[in-house]
Structure formats: C-alpha cells, structure tokens
Amino acid sequence: MILSSDKTHLTVGQGDKECHAVYISCGNIKKSLRSKVGAHCWMMIGQVPIVKFEPSELQGVLTNRLLHHCLDVILANLKECSVNAQMMLDPAGRLRSVRTFLAAYIADLPEQQALACVASNYAPSSAAGPTTLGDSAPQPLRRGSDTLGVIKAIMESLKETTDQINIRDFRKLARERSLNGVDKPFWRDWLYADPSLFLAPDALHQWHK
C-alpha cells in the first residue's frame with residue numbers, strides 16, 4: 001500500500017477550517033500511471049480534523065496524538081490484513097491471498113515528523129538532530145522499534161511515580177529524548193511498518209531548504 005496525506009484548506013474566510021486529507025494507492029500500479037491526475041489512481045479514504053485544543057500549550061502534542069488516533073481508525077482493516085491474509089481478486093479475476101504492507105507514505109517534512117513521532121528539529125527517518133542535520137557523515141536510521149522502546153521506557157518511568165500518567169509529564173520526558181509526545185503511533189501494530197523505511201523523501205524541504 002502507498003499512503004499520502006497533506007494539510008488541506010476546507011474553507012477560506014469562513015473560519016479557515018483545515019484537515020489532513022488521507023489518500024491511498026496500490027504499489028503494483030506503474031509509477032508513470034499513478035502520477036497522472038486523470039488516471040484516478042489515488043482514493044481519499046479519510047479527513048483528519050485539525051482542531052484547537054485547550055489549554056493552548058498542549059496544542060502540538062494533542063494535534064499529533066489526534067492524527068495518529070484517526071489513522072488508527074482509518075487504517076484498522078489494512079493493519080489487520082497485514083497479519084491475517086485476505087482473499088482478493090486480481091485484475092484477471094483470480095483469487096489471491098493478499099497481505100497489505102505499507103510500502104511508502106508520502107508527506108511533507110512537518111507531517112513526516114508527526115508521523116515518525118519526532119520533535120520538529122529532528123530528522124524523521126534518521127538519528128540526525130539540530131547539531132548534525134548538515135553533516136556530510138550519514139546518521140544511523142531511526143528505527144520504529146527504537147522509538148517504541150523509548151515510549152515504553154517513558155511510560156514505565158512515569159508509572160513508578162503515579163498511577164495516572166500526566167500528558168505534560170510525558171511530553172517533557174519525550175522532548176528530552178527527541179520525541180513529540182505521541183504515545184500510540186499508528187504504525188506500532190502494522191506488520192513490518194517502519195518510519196525509517198516507508199517515509200518517502202521530501203526533496204523540497206529536506207534537501208533544498
């Protein structure tokens with residue numbers, strides 16, 4: 001599966017409503033065909049709302065958590081099919097046993113950082129941070145398993161002091177470890193899904209700018 005999402009304006013001058021429109025395509029469609037708008041190779045499968053939260057100092061972390069929660073709901077069947085294969089028809093009408101793996105996710109840099117659960121000044125798919133983003137030496141990949149391990153460690157450290165985890169405390173510890181405060185990434189239970197592999201490079205923001 002190939003996914004894509006981007007912040008989209010729903011209204012202008014009438015409240016300036018925005019959402020994250022989520023699109024899906026299939027990896028076995030030729031790239032030359034999939035890139036043509038008239039070929040209709042992309043289907044919108046959801047609109048993730050962008051809302052204003054109170055208190056305002058939690059706007060960032062709550063927005064990111066809402067994005068992952070909505071993607072959890074939208075992609076639940078695909079994640080289930082990655083574990084338990086389903087019978088589907090191919091273009092020739094033959095039944096095939098299919099698993100839906102996430103091959104790529106196309107998004108701009110800020111959205112990639114939200115999807116990878118990293119802070120805004122860190123690379124989404126590598127360990128590069130504020131002091132190493134411009135280095136010529138390659139940085140190690142930021143594996144999804146490493147991110148999940150850090151989240152689990154934060155949760156366990158907070159549970160040692162309190163039964164109910166405070167979102168402010170979680171966000172503080174997460175930022176100290178270069179994360180954005182999301183506690184349940186949407187890809188955590190998608191078989192073989194790893195942000196360091198499925199996030200497609202954003203040439204404009206990651207290279208040129």
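**Reading local features in a predicted model**

Tutor: Let's start with T8, which counts as partly exposed because its relative accessibility is 29%, a value between the 20% and 50% cut-offs. Keep in mind that the model is predicted.

Student: Happy to. Where does T8 lie?

Tutor: T8 belongs to strand β1, which covers residues 2–9.

Student: Which residues does T8 touch, leaving aside those up to four places away in sequence?

Tutor: With those set aside, T8 touches K17, E18, C19 and A21. For a reference point elsewhere in the chain, take P49, 41 residues away in sequence, whose C-alpha atom is 10.0 Å from that of T8.

Student: Now helices. How should I read a packed pair?

Tutor: Two packed helices are described by two quantities, the angle between their axes and the distance between those axes. Here, α5 (residues 144–159) packs with α6 (residues 167–176) at an angle of about 135°, and the axes are 10 Å apart. That angle makes α5 oblique to α6.

Student: Which hand does the crossing of α5 and α6 have, left or right?

Tutor: The α5 and α6 crossing is right-handed.

Student: Which residues meet there?

Tutor: From α5 come I151, I154, M155, S157 and L158, and they meet D169, F170, L173 and A174 of α6. Sorted by class, this contact has 7 nonpolar residues, 1 polar and 1 charged.

Student: Let's turn to the backbone. Which residues does a cis peptide bond join?

Tutor: Look at the omega angle: the bond joining E54 and P55 is cis, with omega at about 0°. P55 sits in the loop between β3 (43–49) and α2 (59–74).

Student: And phi? What is the value for C117?

Tutor: C117 is not a glycine, yet its phi is positive, at about 70°. You will find C117 in the loop between α4 (109–116) and α5.

Student: Is C117 buried or exposed?

Tutor: Buried, because its relative accessible area is 1%, and the buried class is under 20%.

Student: What about phi of Y192?

Tutor: Y192, also a residue other than glycine, has a positive phi near 70°. Y192 is placed in the loop between α6 and α7 (195–198).

Student: Then is Y192 buried or exposed?

Tutor: Exposed: the relative accessible area of Y192 is 64%, and the exposed class is over 50%.

Key. Residues are numbered from 1 along each chain as its sequence is written. This is a predicted model: local features need pLDDT of at least 70, side-chain atom pairs count only at pLDDT 80 or more; totals for chains, interfaces and linings use all residues. Side-chain values use heavy atoms; hydrogens and water are left out. Axes are lines fitted to C-alpha atoms, for helices over the stretch in contact, and angles run from 0 to 180 degrees between N-to-C directions. Helices (H or I, at least four residues) and strands (E, at least two) are DSSP runs, numbered from the N terminus. Angles under 35 degrees count as roughly parallel, over 145 as roughly antiparallel, 65 to 115 as roughly perpendicular and the rest as oblique. A crossing is left-handed if the near helix is turned anticlockwise from the far one by less than a right angle, and right-handed if clockwise. Contact means heavy atoms within 4.5 Å. Ala, Val, Leu, Ile, Met, Phe, Trp, Tyr, Cys and Pro count as nonpolar, Asp, Glu, Lys and Arg as charged, and the others, Gly among them, as polar. Buried means under 20% relative accessible area, exposed over 50%, partly exposed in between (1.4 Å probe, protein chains only).
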